[in-house]
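Welcome! Please take a moment to look over the sequence and the 3D view before reading on.

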Amino acid sequence: MFNNARYVLQAAEPTNITEKKINSFEQLPEGWSFGEGVPCDNAIVNRAKDINTFAIKNGFLNTDAFPGLSGEVRVTMYSADKYYEFTLEIDELITYACEENGQEVSYEEGLTFDQALAKIKEVREQECRLSESFITINMTTDLSDSKALPLRIR
């Protein structure tokens, strides 16, 4: 499973709470959710950890993960009023969804692992561009506004 991916992001020790949570999904007993649910496969758990690590390295510091009844793993990222989810399906493909203020604004099925990583990078870059548009280059509008400028040395 997932053998052809270009990215390898495994960490020796769990780096955060979400990764520890993902690790526990392999130990789920049969019927873990009211008689339904199977443990998650090792390959899916490892890829979910890779996605979580990649998201953190790209600036998503608020992440979480959830096991699915069929053995899938959903990794989520939160940023202000946006919610991103990447569900690693048991067929090795990934489903992506984005919600803004509780409304779904984007949904894609059938992504490969590499496409999911590219999507994480893309949405993070979009967020950064939006944030940067609110930054004023220089708040000093007039030389008289700054006590440091101009130097009044004669």
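## How confident is the model?

Keep in mind that this is a predicted model. The chain has a mean pLDDT of 82, with 73% of its residues at 70 or more.

Two stretches call for some caution. Over residues 3–14, pLDDT stays under 50, and the model has 19 contacts beyond four places in sequence for them. Residues 131–138 also keep a pLDDT under 50, but here the model has 0 contacts beyond four places in sequence.

## A hairpin to find

Now look for strand β4, residues 94–100, and strand β5, residues 103–111. These strands pair in the antiparallel sense, over 6 bridges.

Together β4 and β5 make a hairpin, with 2 residues between them. Asn-101 lies in the turn.

## Two positive phi angles

Most residues other than glycine have a negative phi. Against that background, Asn-101 has a positive phi, near 50°. This residue sits in the loop between β4 and β5, and because its relative accessibility is 59%, above the 50% cut-off, Asn-101 counts as exposed.

Phe-34 is another residue with a positive phi, in this case near 55°. You can find Phe-34 in the loop between α1 (17–24) and α2 (42–57). Is Phe-34 buried or exposed? Its relative accessibility is 86%, so Phe-34 counts as exposed.

Technical notes. Residues are numbered from 1 along each chain as its sequence is written. This is a predicted model: local features need pLDDT of at least 70, side-chain atom pairs count only at pLDDT 80 or more; totals for chains, interfaces and linings use all residues. Side-chain values use heavy atoms; hydrogens and water are left out. Two strands pair if DSSP finds at least two bridges between them. Helices (H or I, at least four residues) and strands (E, at least two) are DSSP runs, numbered from the N terminus. Buried means under 20% relative accessible area, exposed over 50%, partly exposed in between (1.4 Å probe, protein chains only). pLDDT is the predictor's confidence in each residue, from 0 to 100. Contact means heavy atoms within 4.5 Å.
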